[in-house]
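I would like each term to come with its cut-offs.

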Amino acid sequence: MIDLELVHFTTYRYRRPVALGAHRMMLRPRESRDVRILSHSVTVTPESPVTWAHDVFGNAVATAALAAVTDLLVIEARTRLHLDAKAGPVFDITAAAATYPFTYEDADLIDLGPLLQPQYVDVHGRLRDWARAFVAGPATDTLSLLKDMNAGLSAWVFYQSRDAEGTQGPLETLDRGWGSCRDMAVLFIEAVRTLGFGARIVTGYLYNPDNSQVGSMDQGSTHAWAEVYLPGAGWIMFDPTNRSVGGANLIPVAVARDLRRVMPITGGFVGVPDDLLEMSVAVTVTPTVQ
């Protein structure tokens with residue numbers, strides 16, 4: 001367990017003063033048994049009132065009703081939190097789901113709904129066939145299967161940061177053989193969905209104190225990973241970028257069916273595309289000094 005300070009700066013620079021529209025921000029970590037928020041604040045420059053709400057997944061959403069004309073927009077989020085996720089957790093999966101294939105109970109099937117359905121077109125079933133290659137036989141240990149996929153994905157795809165917005169499709173990631181953390185997470189999620197698992201995307205932060213984690217050059221960075229629902233255990237985190245299972249070093253902010261629903265900041269301005277000179281992000285995650 002450790003107390004951390006998380007600072008997230010996002011800066012937009014414009015070629016000339018532009019009229020800003022409202023900006024939607026998903027920057028507040030999700031509290032759970034493993035993550036407890038001690039303090040959190042969002043500051044916007046130019047100064048703007050910030051309102052809060054929760055979306056359909058229970059994510060905290062802040063909205064800045066920007067109405068300024070400016071050539072600089074800075075959004076700063078500061079969080080102090082207690083992280084108590086342990087490495088190598090034991091998952092108490094129900095006996096009925098311990099062996100794959102299994103069937104979710106009717107109530108779970110209804111509630112999982114779209115989280116069971118792949119989001120990308122795969123006319124020839126290439127992704128389904130790729131995923132099925134990890135199934136060892138007619139009766140496979142469920143958690144071992146998911147761990148094998150989580151670890152084995154890196155044999156097909158290597159991590160490479162990507163500045164462009166959005167996500168590669170899973171087949172595009174397989175064909176290219178490289179992708180960012182969000183691309184690898186989407187590939188894993190889509191693959192397990194073809195096998196009948198309920199899965200969702202998670203965005204948040206990676207705590208990287210010894211620089212051993214892929215996806216961050218410093219002690220912390222934004223990050224994306226996956227969660228799979230297994231009866232008894234609930235939502236289990238899988239980070240294919242680092243081949244890890246469980247929430248150690250991971251600070252969730254938002255979950256959703258589709259990555260496009262959990263972008264950290266979305267908003268716009270009145271002008272032409274060339275008016276945006278630069279968008280930069282700086283994240284630090286450091287232990288709190290007592």
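The paragraphs below take up confidence, then the cavity and a pocket, then a helix, and then some loops.

This is a predicted model, in which local features need pLDDT of at least 70 and side-chain atom pairs count only at pLDDT 80 or more, while totals for chains, interfaces and linings use all residues. Residues are numbered from 1 along each chain as its sequence is written, and side-chain values use heavy atoms, with hydrogens and water left out.

The mean pLDDT (the predictor's confidence in each residue, from 0 to 100) is 93 for the chain, and 95% of its residues reach 70 or more. Where pLDDT is low, the predicted coordinates should not be read in detail.

On a 1 Å grid over the protein atoms alone, a cavity is a set of points where a 1.4 Å probe fits but cannot get out, whereas a pocket is an open set with protein on both sides within 12 Å along at least five of seven lines, and lining residues have an atom within 4 Å of a point. Grid points are joined across faces, edges and corners, and a volume is the space filled by probe spheres set on the points.

How many cavities of 30 Å³ or more does a search of the whole structure find? The search finds 1, and the largest cavity holds about 90 Å³ of space. Its lining is made up of Q119, Y120, V186, I189, E190, R193, I201, R257, D258 and L259, with helix α5 (residues 181-194) giving the largest share, 4 residues. Sorted by class (Ala, Val, Leu, Ile, Met, Phe, Trp, Tyr, Cys and Pro as nonpolar, Asp, Glu, Lys and Arg as charged, and the others, Gly among them, as polar), this lining has 5 nonpolar, 1 polar and 4 charged residues.

The second largest pocket contains about 600 Å³ of space. It is lined by 23 residues, of which S32, R33, D34, W235 and M237 are the closest to its centre. Two or more lining residues come from each of β12 (234-239) and β14 (250-256), and β12 gives the most, with 3. By class, the lining of this pocket divides into 10 nonpolar, 4 polar and 9 charged residues.

Because 13 of the 14 residues of α5 are buried (under 20% relative accessible area, with exposed over 50% and partly exposed in between, for a 1.4 Å probe and protein chains only), the helix is largely enclosed by the rest of the structure. After α5 comes G196, whose phi is positive, near 100 degrees.

The loops remain. A cis peptide bond with omega of about 10 degrees joins T45 and P46, and P46 lies in the loop between β2 (35-45) and β3 (50-54). Another cis peptide bond, with omega of about 5 degrees, joins Y100 and P101, the latter in the loop between β6 and α1 (106-112). R243, in the loop between β12 and β13 (244-245), is a residue other than glycine with a positive phi, near 60 degrees, and it counts as exposed at 52% relative accessibility.
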